[in-house]
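The following note sets out numbered points on the model shown below. It is intended to be read beside the coordinates.

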Amino acid sequence: MKAWNELNFLLINTFSSSEALVELEHYKLFNLAEYTAAEERVLALKPKNLSFAEAASLPLAIETAYEGLERTGFSAGQSILVLGGAGGVGTLLIQVAKHVFGASKVAATASTGKLDLLRSLGADLVIDYTKENFEDLPEKYDVVYDAVGGQSEKPAKAVKEGGKVVTIVGPATPPAFFFALTSTGSTLEKLEPYLESGKVKPVIDPKGQFPFSKALEAFAYLETSRATGKVVIYPIP
C-alpha cells in the first residue's frame with residue numbers, strides 16, 4: 001500500500017491548444033494508464049514553468065502538506081517540526097510551511113546524506129535522525145507534522161503545550177490526530193503562484209523518473225525507503 005501512496009504517475013490531457021490539466025493522481029489511485037476519466041473538481045491547470053513530470057509529482061503530496069497545516073490551524077509566526085523531511089510530502093511541507101504559511105522556524109528530520117537538501121528547501125534546523133532523537137531535544141514546536149508514521153508517542157514530546165501533532169500515517173496516538181486528504185483542484189489553484197514563482201518547487205528523486213516499461217522497478221525502488229521526494233512514471237506510452 002505504501003508504494004501506491006508514494007508513486008506518482010502522469011495524468012495529463014489537453015484543455016485547450018495552449019493549456020494542460022493536471023489531475024489529482026490519487027483520483028484513480030490504483031491505476032497506471034495513458035487515459036482516465038475525472039471530475040472537473042479535481043483538475044487544475046498545470047503551472048506553465050513546470051514539466052509534465054514535475055507537475056505529475058505534485059498534487060497528492062502538496063495537497064497533503066497544505067491540508068494538514070490547515071487542519072492544525074497553522075499560521076504565520078509559528079514553528080513546525082517536520083518528521084520525514086526528505087520524503088514526498090516532507091520536501092513540499094518544508095516549503096509550504098515556510099513560503100505559503102509564513103512559519104517562523106521550520107525544523108525537519110532526515111538521514112545524514114539528505115540534510116543539505118532540507119536546508120536548500122528552507123529548513124532552518126535539520127536533525128539527523130541517525131544521530132539524534134528529536135524527542136529528546138530541548139526545543140519544542142507549535143506543530144509537529146509526522147509524515148513518517150510509526151513514531152508512537154514520540155511526536156507529542158516535541159510539541160509545545162497547547163500545540164498540535166498531525167500524522168498522515170495512521171493509527172495516531174493521542175494527542176496526535178490522523179487525517180485523510182479531501183481533494184479539490186482549488187487547492188492547487190491557490191498554490192499555483194508559489195509554484196510559478198519558484199518559491200515552492202517539486203522534488204523528484206534523481207533515480208525516480210521511470211519509463212512505463214520499468215514500472216515494476218519503480219515500485220521496487222520505493223520499497224527500499226531510500227527515495228528522496230517523489231517517484232514518477234513518465235512517459236506513459
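1. In this predicted model, helix α3 (residues 59-72) packs against helix α4 (residues 88-100) at an angle of about 50°, and their axes are 8 Å apart. Axes are lines fitted to C-alpha atoms, for helices over the stretch in contact, and angles run from 0 to 180 degrees between N-to-C directions. Helices (H or I, at least four residues) and strands (E, at least two) are DSSP runs numbered from the N terminus. The angle makes α3 oblique to α4, given that under 35 degrees counts as roughly parallel, over 145 as roughly antiparallel, 65 to 115 as roughly perpendicular and the rest as oblique.

2. The crossing of α3 past α4 is right-handed; that is, the near helix is turned clockwise from the far one by less than a right angle, anticlockwise being left-handed. On the α3 side the contact involves Ala-61, Ile-62, Thr-64, Ala-65, Tyr-66 and Leu-69, which meet Gly-88, Val-89, Leu-92, Leu-93, Val-96, Ala-97 and Val-100 of α4. Contact here means heavy atoms within 4.5 Å. By class, the residues of this contact are 11 nonpolar, 2 polar and no charged (Ala, Val, Leu, Ile, Met, Phe, Trp, Tyr, Cys and Pro count as nonpolar, Asp, Glu, Lys and Arg as charged, and the others, Gly among them, as polar).

3. Helix α3 also meets helix α6 (residues 185-197): the two axes come within 11 Å and cross at roughly 100°. The two helices are therefore roughly perpendicular to each other. Pro-59, Ile-62, Glu-63, Tyr-66 and Glu-70 of α3 touch Thr-187, Leu-188, Lys-190, Leu-191 and Leu-195 of α6. The residues of the α3 contact with α6 comprise 6 nonpolar, 1 polar and 3 charged.

4. The sheet is open and has 6 strands in the order β7-β6-β5-β8-β9-β10, with parallel pairing. Two strands pair if DSSP finds at least two bridges between them. At the edges stand β7 (125-128) and β10 (177-178); each has a single partner strand, so one side of each lacks a neighbour in the sheet. Helix α3 packs on this sheet, where it touches β5 (79-83), β8 (141-146), β9 (159-167) and β10, and its direction makes about 140° with that of β8.

5. The parallel pair β9 and β10 has 2 bridges, and Thr-167 has Phe-178 of β10 as its bridge partner.

6. Ser-225, although not a glycine, has a positive phi of about 60°. The residue is placed in the loop between α7 (215-223) and β12 (230-233). Most residues other than glycine have a negative phi, and most peptide bonds are trans.

7. The mean pLDDT of the chain is 87, and 86% of the residues score at least 70; pLDDT is the predictor's confidence in each residue, from 0 to 100. Residues 1-18 remain under 50, and the model has 58 contacts for them beyond four places in sequence. Residues 24-28 are also below 50, with 25 contacts beyond near neighbours in sequence. Where pLDDT is low, the predicted coordinates should not be read in detail.

8. Residues are numbered from 1 along each chain as its sequence is written, and side-chain values use heavy atoms, with hydrogens and water left out. Local features need pLDDT of at least 70 and side-chain atom pairs count only at pLDDT 80 or more, whereas totals for chains, interfaces and linings use all residues.
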